[in-house]
Amino acid sequence: MPNKKETNSYVDDLVKAKSSLMEMIEDPYSRQNYAWSQCNSTHYLQKKARVNLADKSAEMNSAIEEQEADNAGDTKGVDDIRIDRKEQAYMYALANAQEMLYQHNSDLKVFKSIAGTEWVAPKSNPQDKKTATSRHFGGKTNVADLKSMADALIKGVIAQ
C-alpha cells in the first residue's frame with residue numbers, strides 16, 4: 001500500500017493530467033458539465049468497487065473458515081490453490097477500490113477548480129425505481145401502465 005506522500009503525488013499527477021484535458025474543452029459550461037460527469041462516474045464506480053471488495057473479502061474468509069473446519073486444526077490437506085485464487089481476487093478488488101478512490105479524489109479537485117464549488121452527489125430517489133418508464137413511449141408511460149395495457153390487449157378489451 002502506498003504511503004501518504006506517494007498517494008498525494010499520484011493524485012496530484014492525476015489532477016494535472018485531468019486539468020490539461022479539461023483545458024481542451026473551450027466552452028466553460030461544457031467543461032463544468034464534463035467535470036461533473038467525471039465525478040459522478042467515479043462516485044458510482046467507487047461504490048461498485050467497495051461492494052465488490054466486500055464480496056471478495058467475504059468469499060475469501062468463507063473459504064478460510066471452510067478449510068479450518070475441514071482440517072479441524074490439522075494443517076495437512078489444505079486447499080491452498082482455492083484460497084490463493086480467492087486472495088488474488090481480493091487483492092485485485094482492493095487495488096481497484098484504491099484506484100477508484102484516487103480517481104474520484106482527483107475528479108473532485110478538478111471539479112472544484114473549474115466550478116468553484118464542491119461536487120455534490122446526486123440523491124437517489126427510491127420512487128424512481130418503482131416508476132420505471134419505457135423509452136418507447138417517450139418516457140411518460142409507467143411500466144405498470146404498460147403491463148395493464150398489454151393485459152387489456154390480450155383480453156381484447158382495447159380495440160382500434
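Reply: The dialogue below goes from the overall fold to the core, the aromatic pairs, the salt bridges and the surface. Please keep in mind that this is a predicted model.

Me: Let us begin with the fold. How many helices and how many strands does the protein chain have?

Reply: The protein chain has five helices and zero strands. Read from the N terminus, the order of its elements is therefore written α-α-α-α-α. Helix α1 covers residues 4-23 and helix α3 covers residues 80-115, while helix α2 covers residues 28-71.

Me: What share of the residues of the protein chain counts as buried?

Reply: Of its 160 residues, 22% count as buried. The protein chain exposes about 11900 Å², and carbon and sulfur atoms supply 54% of that area. As for contacts with a separation of 6 or more, 66% of them join residues 24 or more positions apart.

Me: Which residues make up the largest nonpolar core?

Reply: That core has ten residues, namely V11, L14, V15, M22, A35, C39, Y102, V110, F111 and W119. Two or more residues come from each of the elements α1, α2 and α3. Helix α1 gives the most, with four residues.

Me: Which residues does V110 touch, if residues up to four places away in sequence are not counted?

Reply: V110 touches V15, K18, S19 and M22.

Me: How should I read a pair of aromatic rings?

Reply: Such a pair is described by the distance of the centres and the angle of the planes. In this model the count comes to two aromatic pairs. Y10 and Y102 form an edge-to-face pair, with 5.6 Å centre to centre and 75° between the planes. Because Y10 lies in helix α1 and Y102 in helix α3, this pair ties together parts that are 92 residues apart in sequence.

Me: Let us turn to charges. How many salt bridges are there?

Reply: The count comes to five salt bridges. One of them joins D12 and K109, whose closest N and O atoms are 3.9 Å apart. Since D12 lies in helix α1 and K109 in helix α3, the pair ties together parts that are 97 residues apart in sequence. D12 is partly exposed, with a relative accessible area of 35%, and K109 is likewise partly exposed, at 44%.

Me: Which residues are linked in a network of salt bridges?

Reply: K56, E59 and K86 are linked in this way. Between E59 and K86 the closest N and O atoms are 3.9 Å apart. E59 lies in helix α2 and K86 in helix α3, so their pair ties together parts that are 27 residues apart in sequence. A further salt bridge joins K112 and E118, where the closest N and O atoms are 2.8 Å apart.

Me: Finally, what is there to read on the surface?

Reply: L21, M24 and Y34 make a nonpolar surface patch of about 300 Å². Y34 lies in helix α2 and counts as partly exposed, at 32% relative accessibility. K16, in helix α1, is exposed, with a relative accessible area of 59%. K16 and S106 are 90 residues apart in sequence, and their C-alpha atoms are 8.9 Å apart in space.

Technical notes:
Residues are numbered from 1 along each chain as its sequence is written. This is a predicted model: local features need pLDDT of at least 70, side-chain atom pairs count only at pLDDT 80 or more; totals for chains, interfaces and linings use all residues. Side-chain values use heavy atoms; hydrogens and water are left out. Patches are made of residues with over 30% relative accessible area and no salt bridge: like charges are joined within 9 Å, nonpolar side chains (Val, Leu, Ile, Met, Phe, Trp, Tyr) within 5 Å. Accessible areas come from the Shrake-Rupley method with a 1.4 Å probe; for residues, only the protein chains shown count as cover. A salt bridge is a side-chain nitrogen of Lys or Arg within 4 Å of a carboxyl oxygen of Asp or Glu. Buried means under 20% relative accessible area, exposed over 50%, partly exposed in between (1.4 Å probe, protein chains only). A nonpolar core is a set of buried Ala, Val, Leu, Ile, Met, Phe, Trp, Tyr and Cys residues joined through side-chain atoms within 4.5 Å. Contact means heavy atoms within 4.5 Å. Rings of Phe, Tyr and Trp (its six-membered ring) pair if their centres lie within 6.5 Å; planes under 30 degrees apart count as stacked, over 60 as edge-to-face and the rest as tilted.
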